[in-house]
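The sequence and structure are shown first.

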Amino acid sequence: MIHNPRILVLGASGRLGAILQRHWCDTEIHPIWQFRAAPVAPPPSGEYLVFDPLEGPPAQTPVDIVLGLAGIVQGKGALSRNTDLALATVRCAHALGARNVMLSSSAAVYGVSEHPHCEDVPASPLSAYGRAKIEMEIQALALAQRYGIEATALRIGNVAGADALLGQSGSSRILDRFDSGQGPVRSYIGPNGLSTVLQALTREAWSGATLPRHLNIALKGGVGMEDLCQAAGLDVTWQRAPETAVEKVVLDVTRLAGLVPVPEACATAVVADWRADRDKQ
């Protein structure tokens, strides 16, 4: 009997995991959510397991795909733990018989460019976080290759509501103004948009498609943070951009668009997606 793909989601209690829990309902996949401690309420779909990936996977829990969302951000712990968690994700996939593993990486792996960042361009991260994510990718993809598992590093742009702009409270934001007279421009995707893309990618992998080793995840084109603030009704206070600030970080999603539908980025649509997700919380 053909079954819906069983997707083990490591890091279900994090921001991205919580988003997927809210949106992966009544879908043609069977999510298995991983928590380190029992959740207050069970997830609305699928099933859940309580274990620490660093201590090994649970016995006799066959899965088809493992999605690794667990990670450490700047200021929240040792960044080297990102590699530890990614290697644990690959080992879980191997132990549980998964055919694919997807690892949450970041647009922070890229440096400065006037053009959208393509996956084939050598990464040149500017931050310690970006460097940690590159190291994570290198080691985890190599381990997956040794195990014979298809693996993809998902270089995810800003996710509305899980980002530093829309994901904080208050009615005003401070933005950098660059010599161009403009504020920061970033690649964005909304919560429902991210959930839809990841679900579509898992279906592609489940159907036998070979996913790229590196894949940018975002909407097409960049979004001005000033435009997002305006769409969200947030006041903006400007400050001169420091020399270390980067004006544009935009991802080339041509490769992603060859696999799943990718809409054009629009500030009002991103904010609407964020607000709809917020209403689900």
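A charge sits over a ring if NZ of Lys or CZ of Arg is within 6 Å of the ring centre and within 35 degrees of the ring normal. Arg-177 meets this description: its charged end sits over the ring of Trp-238, 4.0 Å from the ring centre. The charged end of Arg-278 likewise sits over the ring of Trp-274, at 4.5 Å from its centre.

The model is predicted, and local features need pLDDT of at least 70, side-chain atom pairs count only at pLDDT 80 or more, and totals for chains, interfaces and linings use all residues. Residues are numbered from 1 along each chain as its sequence is written, and side-chain values use heavy atoms, with hydrogens and water left out.

**Salt bridges**

A salt bridge is a side-chain nitrogen of Lys or Arg within 4 Å of a carboxyl oxygen of Asp or Glu.

| Salt bridge | N to O distance |
|---|---|
| Asp-277 and Arg-22 | 2.8 Å |
| Arg-36 and Asp-52 | 3.0 Å |
| Arg-255 and Glu-119 | 3.9 Å |

Elements are named from DSSP runs and numbered from the N terminus; helices (H or I) have at least four residues and strands (E) at least two. For accessibility, buried means under 20% relative accessible area, exposed over 50%, and partly exposed in between (1.4 Å probe, protein chains only).

The side chains of Asp-277 and Arg-22 meet in a salt bridge. Asp-277 belongs to helix H7 and Arg-22 to helix H1 (residues 15–23), so this bridge ties together parts that are 255 residues apart in sequence. Asp-277 is buried at 2% relative accessibility, while Arg-22 is partly exposed at 21%.

Arg-36 and Asp-52 also meet in a salt bridge. Arg-36 is in the loop between strand E2 (30–35) and strand E3 (47–50), and Asp-52 is in the loop between E3 and strand E4 (65–68), so the parts tied together are 16 residues apart in sequence. The relative accessible area of Arg-36 is 47%, which makes the residue partly exposed.

In the bridge between Arg-255 and Glu-119, Arg-255 comes from helix H6 (residues 254–257) and Glu-119 from the loop between strand E5 (100–106) and helix H3 (128–147), so the pair ties together parts that are 136 residues apart in sequence. Arg-255 is partly exposed at 26% relative accessibility, and Glu-119 is buried at 7%. Salt bridges with shared partners join Glu-119, Asp-120 and Arg-255 into one network.

**Aromatic pairs**

Rings of Phe, Tyr and Trp (its six-membered ring) pair if their centres lie within 6.5 Å; planes under 30 degrees apart count as stacked, over 60 as edge-to-face and the rest as tilted. The structure holds two such pairs. Trp-24 and Trp-33 form a tilted pair, 6.0 Å centre to centre with 40° between the planes. Both residues are buried, Trp-24 at 1% relative accessibility and Trp-33 at 0%.

The rings of Phe-35 and Tyr-48 have centres 5.9 Å apart and planes at 90°, so they form an edge-to-face pair. Phe-35 lies in strand E2 and Tyr-48 in strand E3, 13 residues apart. Phe-35 is buried at 6% relative accessible area, whereas Tyr-48 is partly exposed at 34%.

**The second largest pocket**

On a 1 Å grid over the protein atoms alone, a pocket is an open set of points where a 1.4 Å probe fits, with protein on both sides within 12 Å along at least five of seven lines; lining residues have an atom within 4 Å of a point. A volume is the space filled by probe spheres set on the points, which are joined across faces, edges and corners.

The second largest pocket has a volume of about 190 Å³. Its lining has 14 residues, and Ile-189, Gly-193, Leu-219, Pro-263 and Asp-273 lie nearest its centre. Helix H4 (191–206) and helix H7 (267–280) are the elements that give two or more residues to this lining. H4 supplies the largest share, four residues. The lining divides into nine nonpolar, three polar and two charged residues; here Ala, Val, Leu, Ile, Met, Phe, Trp, Tyr, Cys and Pro count as nonpolar, Asp, Glu, Lys and Arg as charged, and the others, Gly among them, as polar.

**Distances along the chain and in space**

Ala-162 is in the loop between strand E7 (158–159) and strand E8 (172–177) and is partly exposed, at 25% relative accessible area. Ala-162 and Arg-15 are 147 residues apart in sequence and 6.0 Å apart in space, C-alpha to C-alpha.

Glu-55 is in the loop between E3 and E4 and is exposed at 71% relative accessibility.
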